[in-house]
Every structure is written in structure tokens, then in C-alpha cells.
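Here are my notes on the model, written as numbered points. Please read them with the structure open beside you.

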Number of protein chains: 4
Amino acid sequence: MYSFMNDYSEGAHPRILQMMMQFNLEQNVGYGEDVHSQRAKECIKKLIKLESADIHFIPGGTQTNLLTISAFLRPHQCVIAAETGHVNVHETGAIEATGHKVVAMPGIDGKLTPAAIEAALKHHTDEHMVQPKMVYISNSTELGTIYSKAELTAISNLCRAKGLLLFLDGARLGSALTCKANDLQLAEIARLVDVFYIGGTKNGALLGEALIICREDLKTDFRFLIKQRGALMAKGFVAGIQFEALFQDNLFFELAEHANSMAERIALAIEDCGYTFYAPPCTNQLFPILPNELLEQLANQFVFSVQAEVDATHSAIRLVTSWATTEESVAALVQFLQEHRA
Amino acid sequence: MYSFMNDYSEGAHPRILQMMMQFNLEQNVGYGEDVHSQRAKECIKKLIKLESADIHFIPGGTQTNLLTISAFLRPHQCVIAAETGHVNVHETGAIEATGHKVVAMPGIDGKLTPAAIEAALKHHTDEHMVQPKMVYISNSTELGTIYSKAELTAISNLCRAKGLLLFLDGARLGSALTCKANDLQLAEIARLVDVFYIGGTKNGALLGEALIICREDLKTDFRFLIKQRGALMAKGFVAGIQFEALFQDNLFFELAEHANSMAERIALAIEDCGYTFYAPPCTNQLFPILPNELLEQLANQFVFSVQAEVDATHSAIRLVTSWATTEESVAALVQFLQEHRA
Amino acid sequence: MYSFMNDYSEGAHPRILQMMMQFNLEQNVGYGEDVHSQRAKECIKKLIKLESADIHFIPGGTQTNLLTISAFLRPHQCVIAAETGHVNVHETGAIEATGHKVVAMPGIDGKLTPAAIEAALKHHTDEHMVQPKMVYISNSTELGTIYSKAELTAISNLCRAKGLLLFLDGARLGSALTCKANDLQLAEIARLVDVFYIGGTKNGALLGEALIICREDLKTDFRFLIKQRGALMAKGFVAGIQFEALFQDNLFFELAEHANSMAERIALAIEDCGYTFYAPPCTNQLFPILPNELLEQLANQFVFSVQAEVDATHSAIRLVTSWATTEESVAALVQFLQEHRA
Amino acid sequence: MYSFMNDYSEGAHPRILQMMMQFNLEQNVGYGEDVHSQRAKECIKKLIKLESADIHFIPGGTQTNLLTISAFLRPHQCVIAAETGHVNVHETGAIEATGHKVVAMPGIDGKLTPAAIEAALKHHTDEHMVQPKMVYISNSTELGTIYSKAELTAISNLCRAKGLLLFLDGARLGSALTCKANDLQLAEIARLVDVFYIGGTKNGALLGEALIICREDLKTDFRFLIKQRGALMAKGFVAGIQFEALFQDNLFFELAEHANSMAERIALAIEDCGYTFYAPPCTNQLFPILPNELLEQLANQFVFSVQAEVDATHSAIRLVTSWATTEESVAALVQFLQEHRA
């Protein structure tokens, strides 16, 4: 039974594994100070056009989020996120476990807005309340949507005017950058945010997120914090080699583009069959609204998750494609939909 | 230049990589609930003869330590460790960052003793002081030594008499179990401690530690804690496959035995050449005491680290062998020593 | 200019100060183990009809909240509170600073409902989300309203059915118990909740909250936690004497009743003058909605705070009476209102 | 039975209580923003000759320590203290509960030395270990000893050279400043340290410590941190009035001087009777070494605590005098000693 459950069901792209094999018996310095990590960082610095960036490879996304947020806030400061933000709902209180409140504001299709940020600021007025100091956004978001250049610029401008740090969770940044609607370049993101990461786990690596610190004063002692949170891999080169493979040529973007293009086929079929979406389709996560009775049949052939009950007879489900999604499985899903038009 | 710096300089043993290749495009359930993790757990349960054990694969050692200690202590409780214990000195305050004091007691050759534990208990008498609730030991220790069955039994008995949890850090448990002096079996350890882990990172895996919870009342909700600390890998099967490869046959023990046997050759040469040790040689970490002027020459041919200044003209260094250490490199080191007898 | 800003503008009721003078030079054991604390506890145990209760005197309310919540939760567990709950908005993230998320649910007039608690439970389904383990309510609430016996019983029943601890913040419990609409007795509260406190600071003491642990398994080691959070007063008898004075006779209730009766006069005048309320008037906190232009004049004669903008021309303000509120000041405020009818 | 157990057995000095009575029914602004706190701060600023200092009144000592240390450290940073330091042993892990390690170094008679600080720095070399960022000292120390001007200057110079913050716990600063051996003035301390506090609880107040932040960049947002830790008293004026009483004239120093002079009489008798001390007698805490069999008789007439077993037949005890210690009780103790000469 084919799974559209998520984008981390398979191992690594063969070119990544190949490079791991090639260097397997080479001796490397530990803790990310190896030549592969170094080369991967150089590739990324070129792409983001920011030679001064500090780059660290972190095993996983929740770890990257909790590490980054707690590294830059004083104890009384909080981070503002959309209600749907990963740090707000799906990390088992990882941010709060480091001592910081997540102030959740309503988003639009999973995106935070300048108005929501300003509302949060207006509400937090004195020392009896936490002090907003950081804004957290995801791109693509937890609902598969993306920030346009205008939207990200507006948030960035507001953050700089208000002294807020801007942190972009790019666990699925590949899918955002390669989707058709995107008008943002990596180098622009690096100028607009203070810190962000480029996700490997959800785009063809075994594991690993490339955390990029753009702002000078955030760089100090960051490796201490990585170690303290248990995120300094002894064999850091395992992540380094993978990012080297992803960024020494265009592989990172090819993989994300494949996932998006598979999703696009499915999205077109969904629309064509008369179904609507819980959030506008855009990247590799789709949220079609389907009749509950159809879901039972769908579940006999495909693995997916239910996102929300929409009304008494309909639910929004979540379908995720990946670098590894096969054309055959997409064709089978499209066929299923065509046989079950609205 | 050959490195005896640590046991995590190379990638994974080829049989592990081979299995990763074999299952690379298979779709797996996320977050460690896949069949490979399941199979690996079954293998381990058989080895430890404890069908009821809860087993979780955690990416790294510091993460395993901070997660385990903070999961089982109430806020006012502390963990007792040897002064040389990894959690006391080499984790950048990871345990304290979760809110708990590490009460460090003098050890003997890196080992904690019942007397030291009793001294810690005697010192902590009332609510003005932290309450000891857990004992942390490493086997093999940070000085390469091991606990005998009698020693571990004595500590275990004391812990049970005093209501202390016993946690064994087995980042290098393979080296302990396969060294010549060892008289402890895995199944005995599982009966004597409450929770322990079997290290993969330092014994041939790319990453991963198998945390084993033996005591029933410690099992509740543990996956919540893994997730909260950022240790729940999306692609949990990456660790699962590796432990499956290590434990489906005897590979885990073969690798550790190789490391020990390489170390033993070096240790014999050191003794033969008239040098002594900072801690008794036993497993894959050796701490010879050498003249400082010799170290400069040694450093031209080999990579190693300095452990301690012993006197004005001598230092203890640390030499580590691994599953990947070559006979040639050992021979070269032995030859160097023979050419520079005391 | 008379202040209706809060109920902690003056020192202590003279009978409390008198008792402090009387015992001032007596030598007492430190840290709350003195005879006055003991006697105060006995008085409270009788009132709540729970001889087995553990009672601790804590200097302040935020401290009591953070201490209590963090004492009883494991790291991955959260507390459910009304959005208006003190722990959610007005404690500068004190709960999160101990590592725990506050899951805020919409309330009705400041009160949490069983439906809101069930909604929170339904939303938190697995280990990717925090685990609800405690419910926090305030009585009287931050909007001056109170829980009826039926309401508290319904919440208590739900909590027990779901394995949730129930914690009642009684910083203003005196005002709740003595208001006309109340149908709850202290002894009933002690049976319905697991832990609660009776506020001294806002009812005539210099400082101090009496925390009462009703449930057996929550009592263990609580003094360790008090000390760790910096809440174990060296001169614990300073709080003990004050609670002795409040509870050796009816003083605690007399003081709260006075505050309520002063508020009632004001509330009647507000209604009589044609104004409405942001939350139903009930205890010593009133939230009338007044025209903004009237507020400027009011501010020339009285001190108060603005709670919320209601519409373009009206705001809800907050008026608080206390044990020390004088009849003259109430008469002056009533007169002002009568001269400025709607 | 007279108690020499500690210096917080009685209430407040009558002149303090008198001032509390005088202003009891006056209405004050909450949270320490009242006129009494303001006046007390002005008095203290004059004494320390630092008009720019930020001063906050905190209820208790442990709270002040945990608040101050956690306010100024990033997560990976630690505080260096003497092994006997209050934050290391007698605060139930309060500092660790905020996430920071206390690195304990051997002291000399309870005092930290530049050599010990340098040793701690030398040991902490890279990101695998916590980063020392603050030095904590107490004056007078937990063993009743004091820092000379030369000693404090040496520590201060070292801290500034190494970028370490210097925090002085002055829970018993009165006793240090008024003892005969002292050569330090308050204004000198304020120039040599970055932050310190003047203890009220142990010198005649009901409660309260005056925390003084000398260094400009440490002042930002400190009230947020006070609130978050539960240390922002609603009736802040209760502490304000007491410090006003202590510092509007010479009362603070008179009280400490009395305690010291009572201790001095006892110390002279101890020496005269042929007994020695565990730490040199200097302030209001004395640590005579007495035969165990004598302790039993002593315990029939006086309350005191045992500090340490010195040998099989002798123990060091702790005798503490205070502002309230009576001449009669001292005379009785002296007489007891004279009747039991060594």
C-alpha cells in the first residue's frame, strides 16, 4: 500500500548514499569540524550569497527549533508563531521545556502576518507579561503554503523596526523555493531573516538540517549551545557529506522539484474531480477536502493522515509527496480520484 | 597521518551500510515505529533476556543522557556521578540545562564506588539540599576501565536499598563487554540496572544509541520525552536498520572485540617499552604516560589528545582504537614506541 | 486621590500587625517550622475539615503558582487554563520558565468550563503534543466572577475521570467565599480539588498565600520544591503569625466581606446610573463599561486601571475594593457616578 | 532555652515595625514602585556613592541568587563558587533548576581565591564544557569570614580581565562591613563588583534583600525577570519601608555591630577557655571546636547546630548572634564555657 503520509518514509537519495559509501573509511575530525561539512558550508554560502554566515548541521528539526529559539532569547522573552506553527503544536512543548513561551497568533493559511505580530506586540505591554523578541515562521508552512517576497519583506521590515529576531523554519524550504508560485531566492531569504534553516531530512537526506545564522551578534558561542542540547553529532561528517551531496550541484533543488511536480499532478486531479482544498495547494503537501465515505475506500489503497473534520460528512486529509514518490503511485492515486469524482 | 583521536572518525561498518542500501527505497513508518526498529528491538531483548524491556533508539549520547536523567527525576532531585563522568564534565551542562544538579564524587580509575555514593547520601540530609535519586555510571568508563560483576552488583544493591535509580551509560558498552577482563553479561546488566544504553555511534554505526528501560514504572510516556528533547528522529528507521545490522548476528561484538584487540597490542608495546599508564589499560581507550618531548615526535605521525599533565616533564595522552583501526596503523605506532623506549 | 487600583495598596489589618508586635521578640524556629505556622495550619485544617492536608505558607501568588504547577507535572505535561487565567497572561511566562506549556482555552466570564477542558484533551492526542495533566482555575476569577458548587463539581468530576489534577488559585478566595452568590464552602473546595491556596496578600496580610495539598501522593518532598524555587522564607513565622491572626477567629472572612460589600455599593450605583458591565459584578473586582470621555474626569478623582477597549467610545475599567476601602471613598465614587449618569 | 541557631529567629527591629505601623493605612502603588522603596533606594545610592545603580528589593536570599544568576547568563554559561558557597550546597539546586551549572572550587576558610578562579578557567577550554561567565562570592562567608579590600580587589581585577561578572551575596553584608577586621566600604564594593545585595532578613528586617545592579548593561528588563521568578511582591512597599527604616539613619550598621559585638564576647571566652575554631572568628557566626561530650550539656541550655565532625571526639558547632541577641544570653553562654574549660 503506497504511503503519502509524509516526505520522510524512504532513506536517502542514491547520490547521497553513494557519496557516503565513497568516503566511508576516510578518517574525519569529529563534531562537524571535518572537510565535508566545510565544503557543504562553502556551497551553501555561495548559494545564499553570504560569505559571513555561520552554518551548523543539526540532526533534526525539533532540535533545531528548540536550540535556536533558546539560544537567542533571555529568560523573560517569548517567540511569536502562527497557531499552526510546528513549534506551537507538534513539538511536545520543546520550546517551553527550554523556558520560553510560544505566543500563538491566528495565521492565514498557516502564514503569520504583520498584523498578527503587531497585535501580539500591542498585547504585551509591561513586565507582568512575557516580552516578544523573536518571530518564528515556516516556509513552506505546515499547511503547504509559501511566503511571497512581498510577505516576507513586510514581516522582515516589521521585525527590524521592532527589534524582533526573525527565524525561518525551512524544514521544507526546498519545496517552497521550487514551487511555481515562489518568487523568493535563497539569497533574499538570507538577507531578510536573522537565522533560518534548510531542511535535509524532508528532502532526501537520512537526517540533518543546515542552520544558517546570518546576523553577526547571534553567532557567539553557538557551538556550546549545540553541544548542550545534545545536537553536536560525534560523526558530524555524516551530515556534512549529505549536504555536500545535496549542494555540490543542483540535487537539493531537483529533489524538491520532483516532490512538487508529483503533488501538482495530484492537485490538478483533485480540482478536476470537483473537490476543494483546506489550504491552497502549492507545494508537496496537499489538503483536499473529501467525503468521509470516500476516505474509507481511499484508505484501502493509500496511506495518508486526516487533518481536520470540516463538517459532518467531510474531512480534510493530508497527502505528502517526496523526492522518492513514484510516478506510478501518483498515477494510481489520480486514477482513484477520477473514478470517484465529486 | 593516522588518527587515534577517537572511535568515531570513520563512517559505518560496511555490513551496516549494505543493509541501509538494501532497504533504502522501502517505505517505512516514521518516528521509530518501523519494522527494522522492531526487529532490532527483538534481537536486543533476546540478548538481554528481558522481553518486557522498552527500547528506544536515540541519535546521540549526550542527548540520551540528558533525556534519561531528566525523564525520571523530580525537579529537586539530583544524579550522583564520578567526577570524571561524561555528564559531569563533557556535556556543556546538558544535565543542568534540564534543571538537575550533578553531584560529582571522586572515583577510582573513573569508576564510582558504593562508598562514594554513601558519602553523597550522607551529605544530603534535608530540604535545603538537592535529593539524590539516581546514580550514573559509564561502562566502559571515560578512563577505559570497566566494572566487574561484583562491583556493579554492589552498586546495584546499594541503589535498591536506598531507593536510587541506577543508570548505566553504555556509549562504549561493546568495548566493556568484549574486553578480556570482563565478567559481566548483557543480561546481567539488564537485571542490575534500571536503565542503560548500548552505544552504536562509537561501535560502528553512523549514529544511534539503544536506550533500554528495564524498570516497569519508568516506561510511562517515554516517547513524549524523546520528542520534547528533539530526539525522535523522523527517519527512525535509519537507526533501526543499523541496530538490526549490529544485532541480527554477532557484528556488534565483533567490532568491539577488534577495537579492544588493537588496543591491547598497543598497550603491550607501551608496557614493554617501559612506560606506565594513567589508568589501567583494559578496553579501547589507553592513557599512557609519556615524556613531553616524545609527544612532539609522536604528534608528527599520529593524531591523539592529551589527557593530563602528570608532572613537569610527563603527560598522559589518550589513544583510542575502533572497529575501523587498521593493523598497519597499530604496527606503525608499536614501531614508533619501540624506537623510543623509556 | 483615592485608589481603586487593587486590593494590595495598604499594609496589613491592624489585628494582624498587633499580633506581629506581640510576638516580635520571641525566638522562633526558621523555615516555617514554628509554632505560629503550626497553629495557623491547625485552624485552617479545621475550617477545611481535612486533618490530613499539608499546608505551606508561600510569600506570593506567582511563586505559589509556578511552584505548584512545576512540582506535580512531568516535563512533557501541561496545564490547562482559561485564556484570562493569571498563569497564562500575567506572570511573565513563569510557568513556561519551569518548562511547562500553559494550554489556554476560551473561558466564559473568566471561568473555565468542562467543555473547554474536553476540547483541550481532544486536541492533544499523541506524543507529538504536550500531555494535559493539570487544570488551573482561579476563584474568584481574574474577572471577579466565581464558580458555583455545580460548576466546580462538574470540573472536578471531569478531572478525576480523566486523570487530571485540579489546582485552584485562591489568591482572592476570600472574596469568592463571602460574596452573596456563593454556594461553596471551604471544606467542599478541599474535597473537590487536589491542591489550592487561600490568599493572604489580597485579603489583609502583608504577604503570604496558604497552599493546601489535599491529595496524598502530591505531598512527598514538597518542602524541597519550596526551597528550590526560593519560596522557603527564613522567617517563616512572619507568614505564620499573619495566617494565625486571620484564621484564629473570623477575621479572614470579615475582611473579604467588607471588600465585597464596598464593591456591591459601587456596582449598584453603576447599574442605577445606567451603565453595564464587561463581566457580571459579584466580588471585589468590578468591570464597568464607561464612556471614554467620562474616564478622563474619573481619573482626576480616583485611581483605577483600564481593562479593555469595548468600542470606539467606550472602555471597560477595573475597580477593586479591599479590606481597607473606606466608606467615604465609596460614597465619593457613588456620588461621582450619580452626577454622571448614562 | 536560648537559641544561637541563626540570625533570623526574631521578627524585626522595633524601629522597623514602628515605621510599618506608621504607614500601614497609607495607600501605595504596588510592585515596588512606591515612595518608600524610592526613598530607601535613594539612601542606599548615597551610601554606595553610585547614583546610577539599579536597586530592587527581593523577598529572600535564595530567590535573589537564582534570579540574579539566571538573569545574566546565557544557557551554556556557569557560575564559579566556593565549595562552601550557599548557591552550591544549601539552595536545593535552585541555580541548576534555572539551567546553570555551579562550578564549585575549593575555598580557603569559605573564601574563593583568584587561584581557584583561574584553575576553573583553565579547566574549561572548549564547547564540550560549560563556559564560566560569573563568579559568586559571599561576604561575610558561610564560615563567618570576610574578604579584605586586597582580596576583593584581586578577584575583581581578575574577573574584569577575564570577562567574568562578579556577584557578591551580601545576605550578611552588614556583619562583614561592621566587623573589626573589615577594611572595605560599601562604596568600594559597589565599584569592585557588578552586582551585589545587602541582606535585610538576617539583619533585623522581617524579610528582604536589596539587590544592587552596578553595571549598566545588566540593568535591561530586570523587572521582567523578578516577576517571572515570582519575586515581585504585590506589596513591595513592605520591603521598601523596612529598608527605608534601616538606611534613613545608621540603623542597619548599628544592628550588625551589635551582633558582631555579642559574637566577639563569645569568641573571646572560647579562646580563653582553650578551645579552637574551625574557621577564624570574625563576624556573627562562630565555629568553635568542642568535645562531643560537652555538646550534650551545651544542648541542654542552648540551641545551636553542628557544622562538622572534626575527629572521633570533637565537633565544630555553629553559633550565630543577631541584632536581637541579648547580653544575658551571651553572659550565660560565656559562663557555661568558663565552667567547662578545655
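**Notes on the predicted model**

1. Start with the sheet in chain C. In this predicted model, seven strands of chain C form an open sheet with mixed pairing, in the order E2-E8-E7-E6-E5-E3-E4. Strand E2 (54–58) and strand E4 (102–105) of chain C are the edge strands, and each of them pairs on one side only. From one strand to the next, the twist averages 25°.

2. One pair within chain C can be followed in detail. Strand E6 (residues 165–169) and strand E7 (residues 195–199) of chain C run in the parallel sense and pair over two bridges. Which residue of E7(C) stands opposite Leu168(C)? The residue is Phe196(C).

3. Next, the domains of chain A. The domain assignment gives domain 1 as 2–6 + 252–338 and domain 2 as 14–251. Taken over C-alpha atoms, the centres of domain 1 and domain 2 of chain A are separated by 27 Å. The contact between these domains takes 18 residues from domain 1 of chain A and 21 residues from domain 2 of chain A.

4. What supplies the side of domain 1 of chain A that touches domain 2 of chain A? Helix H12 (251–272) and strand E10 (285–286) of chain A each supply at least two residues of this side. The largest share, eight residues, comes from H12(A). By type, the residues on this side of domain 1 of chain A are twelve nonpolar, four polar and two charged.

5. Now the contact between chains B and C. Chain B gives 14 residues to this contact and chain C gives 14 residues. On the side of chain B that touches chain C, helix H10 (residues 222–228) of chain B provides the largest share, five residues. The residues on this side of chain B comprise three nonpolar, six polar and five charged.

6. How are chains B and C related? A rotation of 180°, with 0.0 Å of shift along its axis, superposes chain B on chain C with an RMSD of 0.0 Å. Among the residues of chain B, Arg74(B) comes closest to the rotation axis, with its C-alpha at 3.8 Å. The copies meet through the same surface, because 100% of the interface residues of chain B are also interface residues in chain C.

7. The same surface serves both copies, as 100% of the contact residues of chain D recur in chain C.

Technical notes:
Residues are numbered from 1 along each chain as its sequence is written. Chains are lettered from A and ligands numbered from 1 in the order in which they are written. This is a predicted model: local features need pLDDT of at least 70, side-chain atom pairs count only at pLDDT 80 or more; totals for chains, interfaces and linings use all residues. Two strands pair if DSSP finds at least two bridges between them. Helices (H or I, at least four residues) and strands (E, at least two) are DSSP runs, numbered from the N terminus. Axes are lines fitted to C-alpha atoms, for helices over the stretch in contact, and angles run from 0 to 180 degrees between N-to-C directions. Two residues are in contact if their C-beta atoms, placed from the backbone, lie within 7 Å. Ala, Val, Leu, Ile, Met, Phe, Trp, Tyr, Cys and Pro count as nonpolar, Asp, Glu, Lys and Arg as charged, and the others, Gly among them, as polar. Copies are superposed by least squares on the C-alpha atoms of residues with pLDDT of at least 70 in both. Domain bounds come from an automatic or database domain assignment.
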